[in-house]
Amino acid sequence: AVVSTQSTGGLLERTEIDLLSNPMDHINIRKAVTSGYFYHTSRLTANGLYKTVKHQQSVHIHPNSSLFEEQPKWVIYHELVQTSKEYMRQVIEIESKWLVEVAPHYYKEKDIEEKKMPKQRGKAKAELER
């Protein structure tokens, strides 16, 4: 646990995120995960499928994921699992602007330009419940 805490603290320091003890602050936690897994990013396309950002590989959110039916616009995943399809596992929703913020050496603004989406696609659950 000590090694984990030290590496997390170092990651937060490098990404200029203050270490706070607020369990309700999900944004900083998701930003920290984004800074570590920025190369595992997928975006929802207009036809309702996910493509990895850099290599345009078709991927799907794993059916066991809590985000399976949500279809957020941007996600970070921990791993890909090949079964009948290429599934993303351990998925979190992110904001595309974080990619340029935490990995400017890897992502440029053109990589994260928003594409037009059909209504109700790519909206976070909070947006749909308004």
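A: R89 is partly exposed in this predicted model, with a relative accessibility of 32%. Its side chain forms a salt bridge with E79, and the closest N and O atoms are 3.9 Å apart. This pair links distant parts of the chain, since R89 sits in strand 5 and E79 in strand 4 (residues 74-82), ten residues apart. E79 also counts as partly exposed, at 30% relative accessibility.

Strand 5 (residues 86-93) also contains E86. That residue is buried yet has no salt bridge. The nearest side chain of opposite charge to E86 is R89, 11 Å away. A salt bridge requires a side-chain nitrogen of Lys or Arg within 4 Å of a carboxyl oxygen of Asp or Glu. Beyond its neighbours within four places in sequence, E86 is in contact with Q57, S58, V59, H60, L80 and V81.

The structure holds four salt bridges, and the R89 pair with E79 is one of them. Another joins K31 to E101, with 3.0 Å between the closest N and O atoms. K31 belongs to helix 2 (residues 26-37) and E101 to helix 3 (residues 97-102), so this pair ties together parts that are 70 residues apart in sequence. K31 is buried, at 17% relative accessible area, whereas E101 is partly exposed at 46%.

K97 and E95 also meet through their side chains in a salt bridge, at 3.5 Å from N to O. E95 is partly exposed, with a relative accessible area of 32%.

Definitions and conventions:
Residues numbered from 1 in each chain as written. Predicted model: local features only at pLDDT ≥ 70, side-chain atom pairs only at ≥ 80, totals over all residues. Heavy atoms only, no water. Helix = DSSP H or I, 4+ residues; strand = E, 2+ residues; numbered from the N terminus. Buried < 20%, exposed > 50% of the residue type's maximum accessible area, 1.4 Å probe, protein only. Lys, Arg positive; Asp, Glu negative; His and termini not counted. Contact = heavy atoms within 4.5 Å.
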